[in-house]
Amino acid sequence: MGKLVSQRNIKWEGDLFNLFLFPYQFAQVAPQTVHSCDILAGSWGTVGSTILWTYNVGGAKNVAKEIVEAIDKKKKSIAYKVIEGDPLKFYSEFKIICEVHESSGHDNLVTYTLEYEKRNVESPEPTGFMDLLLHQFSKEVDDCSHRLQPN
């Protein structure tokens, strides 16, 4: 198994962890990155729920079906495991873990962890997916928060 871990500060007015628990809002908050996020089974914010994502990585439309594998409300972390879709072309296992660390006000440090097993030696490291999370997605969320803040 491989593992990539990165962190990014995100300013968000309110509870950023709730945004990860109820990700249907991502298409509104980060429309350049997340095109849609639909619940297929279960309910938002619960372990075992199945979510279908349509998103943009490196200019290409991708799809992934994920199951919410774990939620730790105390640690403010959520783990999604990909069970179908584009990431599985290169990886036999692919998991995304997001953990929110709140500081004062609306400053949040988000830790993104990708755990993966390559299908073969030619499979790339998932740096494009990490870039999506760190740069595209996180920047859009941060920018959206600035637009939503009252004057």
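**Salt bridges between strands**

Glu-69 is partly exposed, at a relative accessible area of 31%; here buried means under 20%, exposed over 50%, and partly exposed in between, with a 1.4 Å probe and protein chains only. Before I continue, please note that this is a predicted model, in which local features need pLDDT of at least 70 and side-chain atom pairs count only at pLDDT 80 or more, while totals for chains, interfaces and linings use all residues. Residues are numbered from 1 along each chain as its sequence is written, and side-chain values use heavy atoms, with hydrogens and water left out.

Side chains of opposite charge can pair when their charged atoms come close. A salt bridge is counted when a side-chain nitrogen of Lys or Arg is within 4 Å of a carboxyl oxygen of Asp or Glu.

Which residue does Glu-69 meet in a salt bridge? The partner is Lys-95, at 2.6 Å from N to O. Because Glu-69 belongs to strand β4 and Lys-95 to strand β6 (residues 91–102), this pair ties together parts 26 residues apart in sequence. Strands (E, at least two residues) and helices (H or I, at least four) are DSSP runs, numbered from the N terminus.

Lys-95 is itself partly exposed, at 21%. Glu-115 also forms a salt bridge with Lys-95, the closest N and O atoms being 3.9 Å apart. Glu-115 lies in strand β7 (residues 107–118), so this pair ties together parts that are 20 residues apart in sequence. Through shared partners, Glu-69, Lys-95 and Glu-115 are joined into one network.

I close with Glu-84 and Lys-65, whose side chains meet in a salt bridge at 3.4 Å, N to O.
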